[in-house]
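This report describes helix packing, domain layout, the surroundings of an RNA strand and selected backbone features. Please examine the sequence and the structure below before reading on.

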Amino acid sequence: MRPMDTSVEPSQTTPAADSTPDPPEVAAVRQHTSAAAIRTASGPVQTSFRDLTCGDARPEYAGRPVKLSGWVNRRRDLGNLIFLDVRDRYGVTQVVVDVSESPDAHTVASTVRNEFVVQAQGTLTTRLPGTENASLPTGQVELRAARIDVLSTARNPPFPINDPDAEIAEELRLRHRYLDIRREPMQRRLFARSRLVQAIRDVHHAHGFVEIETPMLIKSTPEGARDFIVPSRLQPGNVYALPQSPQQLKQLLMVSGIDRYFQIARCMRDEDLRGDRQPEFTQLDLEMSFVSEGDVMAFVEQMAIEVSRRVAPARLFQEMPFPRFTYRDALDRYGTDKPDIRYGLELRDLGGVVEGSGFRVFDETLAGGGRVFGLAALGMGGASRSEIDELTAFAKRFGAKGLVWLAVEQDGSVRSPVGKFLGEDRARRLVAAAGGSPGDLVLVVADRDVVAQEVLGRLRVEVAARLGLGDATVLAYCWVHRFPMYQWDEAAGRWDATHNPFSGVVPEDEELLVTASGDPTRPDRSDPAGRARAMQYDLVLNGWELGGGSVRIHQRDLLERSFALMGHSLEGMRDKFGGLLDAFEYGAPPHGGIALGIDRWAALLTFQTNIREVMAFPKTQSGADLMLGAPSPVDPRQLAELGLRFELPKRER
RNA sequence: GGACCCGUGGUGUAGCGGCCCAACAUGCCAGCCUGUCACGCUGGAGAUCGCCGGUUCGAAUCCGGUCGGGUCCGCCA
């Protein structure tokens, strides 16, 4: 790793600038100094403030005059002998200050406190036999200080910097993020993220991709997420939007003939926050020309494998090539379009077994066109009443009216509150159909298909968590594709794109892009268009949606038909997507791409469940930056210049 | 917009109607100590229990509100 900041200039007043005379013992060793020529494992890190980093000290440098700079990680004051552990990004090196060898250095060392920034000069020596520290990479050596300089004093920090295991309130960490990032766990994660981005760049460049930056001030579109808005001073009354993604721009670059584009793109969406969502985030955005769905997926898969191997070489892949599920299959088997395939617990359609059971909930659900799904929670047959109550409450939170459970006893008999309705025989058949064995707990939800599937999908994840399933060290990538092109918009009485309006339709479904009536201005929920599948794909990792993309519609006639289904004329869309529609009239290549969430990827690769842990300066759930104090009021003159005045709703009491 | 959890010396926790002007660990400060590495030993300082109001003879403790942080639903690819 190269040092990230090369802009630091030694100041005239600091000791390293050689403006202060060296003590004789230092001057003596300087005359034949060769330390400046040391090439270390950390790379070219030699500066006027140091010859080695605190992670470089090794027996091979023993006997050399060495200058180190860093933070005081810990001071052990034994009286006439003081040990300073000096720390930087690269490691920790022990500095010994012996009053009888260097009284001046000892005087300074006794005033030094944790987190002071110091420079230590002296001779690097191998440690006395028996005093080596095997738990430290630099533990074979120590710096015998001839001189200690305090480069910067430090207040006692609000939380321990030198304890990587300390649990600190996140609010406090965010308020003093610069100190949090000084701690080892944050550094480790940020370095991993840097390696991730570096690997991404390397792989893309090796495959002929061109990295192109796109603007941050673009045009607002009402589709999708809420835009962050930036008022224009030069054109009062008009606004820019911050990009939710460079979607249109990268398609324009395909029209430009760039052929293969990528970008580590900052994106902004003004929506509520979650553990995996921040208002500003980073995407790997890419687009390719003259490609099919398979071409894009093949490249992205290969890229993901190479990148994962480089960033996390110890992690094993669950399955390669990555399994591909259709949207339909994913929902039927996992109850979600982002399945965690590290464990089984698959959903089973129990409609056939419970049909005509005489149990009203099941019968009425089936009669009403709903479905009955179940899953077998392996080994949870002994679940307590309160555990089952918790699962029931959990299911209700996601829209279930109730949760039916059947515990399978060791002798195969079934214990269940609905046992008397189903009868012993049917209960056993239901358990068998759900894949349950003695000792298991079968959970059943009957509802509208999407509700039953979603609830059981969530239960599946919850049960897996309770059972400790899902090896965190495994990378379980999979694809989900063949999403429905449209969803019925109840309020508007028309079809709406599920992804983005430029996603292409799978070739064999092209003929479905019509209304039942044949009149595109009279759409209906039962139109063939509802069955059309898009050339759309999501990449999923360990149950998290890493990102998704599609092969785009580039032919004007198809686009026109698709827009018509969504109640838009081509002319009407020109206002929203004018640039892209114009561009398509000048020769657009077939193209497609994907966008992957870098924050989520980095989090998963570093075993985190929250993307804040892999972002240097994240926001709180209320969108605040606790360190900078943003957002904040602004000088009225700044608003006036933009022709703006706030008109806030009165607070209700 | 909504549901739930949390808020006690610098930090992390305990205390959950009177025994508490609050305990423990660590950190901090001072003294002693020449081979420590979570150094050790001795002593000391440090919290009106997020804030406001209520209940009560009595509130860190119960209730309401509010602020801040978190998890989730809605929202969001």
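At what angle do helix α11 and helix α14 pack, and how far apart are their axes? In this predicted model, helix α11, spanning residues 385-397, packs against helix α14, spanning residues 449-467, at an angle of about 140°. Their axes are 9 Å apart.

**Packing of α11 and α14**

An angle of 65 to 115 degrees would count as roughly perpendicular and one over 145 as roughly antiparallel. The arrangement of α11 and α14 is therefore classed as oblique. In this pair, α11 passes α14 in a right-handed crossing.

The residues that α11 contributes are L391, F394 and A395, and these meet V455, L459 and E462 of α14. Sorted by class, this contact of α11 with α14 comprises five nonpolar residues, no polar residues and one charged residue.

Helix α5 covers residues 184-206 and helix α7 covers residues 293-311. The two pack at an angle of about 140°, and their axes are 9 Å apart. The helices α5 and α7 are therefore oblique to each other. The crossing in which α5 passes α7 is right-handed. On the α5 side, A192, R195, L196, A199, I200 and V203 take part, and they meet M303, E306, V307, R310 and V311 on the α7 side. The residues in this contact of α5 with α7 divide into eight nonpolar, no polar and three charged.

A further contact of α5 involves α17. The axes of α5 and α17 come within 10 Å and cross at roughly 120°. These two helices are therefore also described as oblique to each other, and the crossing of α5 and α17 is right-handed. From α5, the contact draws on A192, R193, L196 and V197, while α17 provides I598, W601, A602 and L605. By class, the contact of α5 with α17 has seven nonpolar residues, no polar residues and one charged residue.

**Domain layout**

Into which domains is chain A divided? Domain 1 runs over 15-152 and domain 3 over 343-469. Domain 2 consists of the segments 185-316 and 597-637, and domain 4 consists of 484-533 and 555-588. Between the C-alpha centres of domain 3 and domain 4 there is a distance of 39 Å.

**Surroundings of RNA strand B**

How many residues surround RNA strand B, and which are the closest? There are 49 residues around RNA strand B, and the closest are G79, G224, A225, D272 and Q621. By class, the surface near RNA strand B has 16 nonpolar, 17 polar and 16 charged residues.

**Backbone features in loops**

Which residues does a cis peptide bond with omega of about -10° join? The bond in question links M320 and P321. P321 is located in the loop between β11 (316-317) and β12 (324-326). The peptide bond from A630 to P631 is also cis, with omega near 0°. P631 is found in the loop between α17 (598-605) and α18 (636-641).

E115 has a positive phi of about 75°, although this residue is not a glycine. E115 is placed in the loop between α2 (103-109) and β4 (117-126).

Notes:
Residues are numbered from 1 along each chain as its sequence is written. Chains are lettered from A and ligands numbered from 1 in the order in which they are written. This is a predicted model: local features need pLDDT of at least 70, side-chain atom pairs count only at pLDDT 80 or more; totals for chains, interfaces and linings use all residues. Axes are lines fitted to C-alpha atoms, for helices over the stretch in contact, and angles run from 0 to 180 degrees between N-to-C directions. Helices (H or I, at least four residues) and strands (E, at least two) are DSSP runs, numbered from the N terminus. Angles under 35 degrees count as roughly parallel, over 145 as roughly antiparallel, 65 to 115 as roughly perpendicular and the rest as oblique. A crossing is left-handed if the near helix is turned anticlockwise from the far one by less than a right angle, and right-handed if clockwise. Two residues are in contact if their C-beta atoms, placed from the backbone, lie within 7 Å. Ala, Val, Leu, Ile, Met, Phe, Trp, Tyr, Cys and Pro count as nonpolar, Asp, Glu, Lys and Arg as charged, and the others, Gly among them, as polar. Domain bounds come from an automatic or database domain assignment. A residue is near a molecule or strand if its C-beta atom, placed from the backbone, lies within 6 Å of it.
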